[in-house]
Amino acid sequence: SKSTTLIVNENILNTEIDNELVLMSIETGSYFGLNAVGLRIWELAKTNTSAETIINQLLQEFNVSKEQCENEVLSLLEKMLEKKL
C-alpha cells in the first residue's frame with residue numbers, strides 16, 4: 001500500500017551509468033535496470049520512506065498527474081518487490 005515503509009535490500013549491487021541505475025541481486029543473479037525516474041525512486045526508497053512520500057516528492061519534481069505518478073510508482077515498486085530488490 002502507499003503507506004507501507006519501504007526497505008531497500010542491502011544485498012543488491014548497484015551502479016549508476018549515464019543517469020540510469022543497474023541493479024543486480026546477489027541472491028538470484030538477476031539484473032534490473034532503472035531509468036532516471038526509477039533511479040530517483042530508488043534514491044528515495046533508500047531513506048526507508050513510504051510509497052506515498054515518494055509519490056508526493058515526485059509530484060513536486062516532475063510534471064505528471066497524481067494518478068499517473070501513483071500508478072507508475074506503485075507498479076515499479078511491485079516489480080522491485082517481486083525481484084526482491
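Helices here are DSSP runs of H or I with at least four residues, strands are runs of E with at least two, and both are numbered from the N terminus. This is a predicted model, where local features need pLDDT of at least 70, side-chain atom pairs count only at pLDDT 80 or more, and totals for chains, interfaces and linings use all residues. Residues are numbered from 1 along each chain as its sequence is written, and side-chain values use heavy atoms, with hydrogens and water left out.

**View 1. The whole chain.** The protein chain has three helices and three strands, and along the sequence they come as β-β-β-α-α-α. With a radius of gyration of 12 Å, close to the 12 Å that the globule rule gives for 85 residues, the protein chain is as compact as a globular protein of that length. (That radius is taken over C-alpha atoms, and the rule is 2.2 Å times the number of residues to the power 0.38.) Along the principal axes, the C-alpha atoms fill a box of roughly 35 × 30 × 20 Å.

**View 2. Where H1 meets H3.** The axes of H1 (residues 36-45) and H3 (residues 66-82) come within 11 Å and cross at roughly 70 degrees. Axes are lines fitted to C-alpha atoms, for helices over the stretch in contact, and angles run from 0 to 180 degrees between N-to-C directions. H1 and H3 are therefore roughly perpendicular, a label for angles of 65 to 115 degrees. Gly38, Ile41 and Trp42 of H1 touch Val73, Leu76, Leu77 and Met80 of H3, with contact meaning heavy atoms within 4.5 Å. Six of these residues are nonpolar, one is polar and none is charged. (Nonpolar covers Ala, Val, Leu, Ile, Met, Phe, Trp, Tyr, Cys and Pro; charged covers Asp, Glu, Lys and Arg; the others, Gly among them, are polar.)

**View 3. The largest pocket.** About 370 Å³ of space lies in this pocket. A pocket is an open set of points on a 1 Å grid over the protein atoms alone, where a 1.4 Å probe fits, with protein on both sides within 12 Å along at least five of seven lines; lining residues have an atom within 4 Å of a point. Grid points are joined across faces, edges and corners, and the volume is the space filled by probe spheres set on the points. Of the 15 lining residues, Leu6, Leu77, Glu78, Met80 and Leu81 are closest to the centre. H3 gives the most to the lining, with five residues.

**View 4. The second largest pocket.** This pocket has a volume of about 270 Å³. Its lining has 16 residues, with Asn35, Val37, Gly38, Ile41 and Glu72 nearest the centre.

Technical notes
Angles under 35 degrees count as roughly parallel, over 145 as roughly antiparallel, 65 to 115 as roughly perpendicular and the rest as oblique.
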